[in-house]
Amino acid sequence: MKRIVYQLVCIVIGCLFTLSSNGQTAKIDSLTNLIPGLRGTELCQVYLDLAKEYNFVDPRQVIYYANLALPIAEQQKDKVQQSMAYQRLGAGYIFSGEFEQGYQVSEKALKLAREVDDGMSIIGALNAMAACHMNLGEYPKALELFREALTIAEKIDAVEAQASIELNIGAALTTQGDRTNGLLYLFKALKYYENRGDHPTLARILNNIAVNYHYWKDYNRALDYYLKTLEAYQSMDDRAGQIIVLNNIGEIYKDKREFAKAVDFFDRVVQVADSSELSTFYKAYGWVGLAEAYMEMGEFEKSSVNVSQALAVFEKVKMQEGIATANLIRAQLSLKNNQPEVGLVQVNRCLEIAQTSGIVDLEQKAYRVRAQIYKMQNRFKLAYDDVDRYATMSDTLYRTEIAEKFADIRAAIEITKKQNEIELLQMDNQIMDLKIKRQHSSTVILMLIVLSLFVVSLVMFGYLKSRKRVNELLTEKNSKIRIQHEELMKVNETKDKFMSIIGHDLRNPIGAFKDVISQLADFPEMFTDELRQQIVKELREEAESTYFLLDNLLSWAKNQKDAISFKPEKLDLRRVVKSNIQLNNRLLEAKSIAFTSDLEGELLALADHNMVNLVLRNLISNAIKFTNDGGQIQIVGREEQNLLVISVKDNGVGIAEEDLPLVFDPVRHLSTYGTKHEKGSGLGLLLCKEFVEINGGTITVDSHKGAGSTFTFTLQKLTGEDLDYSATESGKVNGSKVV
């Protein structure tokens with residue numbers, strides 16, 4: 001239900017400009033006291049101000065006062081006040097969950113605002129209409145309206161409106177899945193509202209930033225942002241904001257499979273909505289969250305009650321994604337209650353909406369549930385078709401996510417490169433200016449020589465002094481240019497190294513994954529149902545492991561785009577070895593290689609986790625590559641004084657004596673094919689040597705042709721003093737400060 005969570009955030013954000021207010025009780029009382037003595041446009045304005053002040057407090061009062069203002073504005077024929085009354089009325093309907101009515105009156109507000117060419121009123125109406133489109137799942141149309149509003153705000157130099165719209169666009173892009181550009185807009189808005197000290201708006205921006213960390217599965221950081229935002233909303237008594245954050249925290253605990261905690265927060269969503277004047281629309285988010293959590297806990301009756309309540313609300317307000325999600329939950333419940341016919345109707349309803357609205361992740365889940373229903377009905381061909389659609393969509397989403405992360409890395413590297421190029425051009429311009437000045441000085445000197453020998457001698461003295469200063473500046477600028485050039489070369493070298501690391505570490509697991517999928521697809525008759533289920537389970541575990549590896553590599557690369565950082569920490573080598581064996585298990589099985597591990601002692605090192613992981617992955621991968629079917633590989637680890645010694649041994653093809661000097665040679669590095677023609681670049685061992693030496697160790701190789709190879713490296717053993725060091729100190733690599 002995450003997508004609906006993000007939409008709920010944007011319902012509030014989408015109307016911020018139209019209805020920005022702190023809900024000050026004193027101001028409401030003051031305005032109410034003015035009513036008896038006012039008439040005409042002045043009375044209308046007070047009603048409009050009261051509607052504005054009741055925002056986030058009571059949507060019904062917003063609608064009430066907007067309806068009082070509207071007939072007065074029409075009687076006075078004041079189109080500006082008429083437009084504002086419709087805007088207030090539309091916002092009240094939106095906050096009540098009545099999006100269709102909200103959109104209709106917002107359209108009237110926009111039409112009137114355009115007639116009088118009131119820029120601020122046009123912006124407010126466009127924002128309200130965009131919020132309606134978002135809640136109907138029409139994100140491109142919402143963004144189109146937001147951007148039109150931004151263009152108008154920039155044209156009339158409305159700085160506050162511009163910041164508010166940037167906030168809206170950031171939230172919309174985040175909801176649509178464009179998180180990188182979404183964050184850019186959010187941080188633009190954050191800078192403005194920080195300078196203003198606008199705490200209510202800041203809380204909403206921080207909540208949207210937390211949503212991105214939630215999506216990236218950085219649950220701890222997301223929880224920190226959510227809890228701070230919740231505290232801010234509670235201090236302001238902002239009930240709508242509290243509901244948003246409580247619901248998002250519940251989603252985090254549901255993703256972490258801590259369902260009891262999730263239930264607590266979803267219950268609080270319903271309680272806060274009950275204790276305020278907000279509509280049942282807000283309760284629906286708590287109900288659908290409870291339905292999912294209870295279903296996972298096996299409490300199907302409670303799940304059914306909650307999802308039915310949520311569905312009734314979503315159908316009333318015509319919220320398509322909510323209707324689809326509720327039907328998917330009901331279909332799962334029907335499946336668990338052995339009612340496949342009922343479940344089929346429900347899941348088909350979900351699929352129809354998901355396909356129409358373009359909600360890919362929801363469509364994918366629906367195919368999976370429908371395949372289970374078909375299987376229960378013994379309709380195996382249809383079940384197989386849906387499983388195939390599910391797998392195809394999984395692969396598409398997986399590839400899209402990888403492409404987005406690679407794009408982020410490339411963008412960061414390109415930005416750094418362009419900044420360096422700009423600085424080099426600026427240096428060139430400064431040098432040209434200095435040359436022009438020097439030429440001008442020479443001309444002046446020649447003219448002065450004609451006038452007087454005395455003047456010539458004085459001018460010559462000044463010229464020589466000026467020339468010396470110019471040369472000093474040229475020397476300084478050339479030095480800076482050289483430094484910039486060296487830094488640019490390091491950036492490109494680091495980029496190439498990270499691309500090599502990521503490609504090298506992913507080739508084997510993805511290759512093994514591909515081979516098994518090909519066998520399942522090409523020779524299905526060779527596999528029984530039981531064996532196929534076992535293989536699918538193992539493939540899923542391997543996919544998750546490979547995805548985790550890729551995620552770690554991309555995160556590491558993104559944080560280290562200037563140079564490779566060295567961050568020593570306490571490292572359990574037994575655990576690192578175990579994870580790398582699991583990662584290569586499929587390749588070991590494919591070649592029937594016996595793998596043994598002989599690790600003595602605790603084997604705790606002071607080393608950089610990512611670097612040591614890469615070293616072990618490369619050595620194990622190479623051992624598998626150059627070991628024949630039925631061969632043996634052994635990892636041996638022991639302590640020697642202040643060092644840990646780790647060896648990776650195999651009885652494979654070995655290395656010829658004349659080739660041994662090339663193994664770690666950066667200029668003439670060795671690159672050969674494996675026993676099954678596996679291709680390599682020869683860069684892996686060079687990276688191993690570099691990373692081992694950065695960690696204060698050494699790496700050697702002992703090999704004989706046809707008798708196998710043994711690669712041995714050392715690491716610093718963890719001591720009591722090292723515990724303090726690893727927690728407080730950092731190293732430097734390639735001259736860059738460790739982050």
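Of the 739 residues in this chain, 49% are buried, where buried means under 20% relative accessible area, exposed over 50%, and partly exposed in between, with a 1.4 Å probe and protein chains only. The model is a predicted one, in which local features need pLDDT of at least 70 and side-chain atom pairs count only at pLDDT 80 or more, while totals for chains, interfaces and linings use all residues. Residues are numbered from 1 along each chain as its sequence is written, and side-chain values use heavy atoms, leaving out hydrogens and water.

The chain contains 27 helices and nine strands; these are DSSP runs numbered from the N terminus, with helices (H or I) of at least four residues and strands (E) of at least two.

Let us turn to one helix. Helix α17 covers residues 320-336, and its 17 residues should span 24 Å at 1.5 Å a residue, the expected span being 1.5 Å times one less than the number of residues. The end C-alpha atoms of α17 are 25 Å apart, which agrees. Of the 17 residues in α17, 13 are buried. After α17 comes N338, with a positive phi near 60°.

Which residues does N327 touch? N327 lies in α17 and is buried, because its relative accessible area is 6%. Leaving aside residues up to four places away in sequence, N327 touches L311, Q346, R349 and C350; contact here means heavy atoms within 4.5 Å.

L446, by comparison, lies in helix α20, residues 380-451. L446 counts as exposed because its relative accessibility is 58%.
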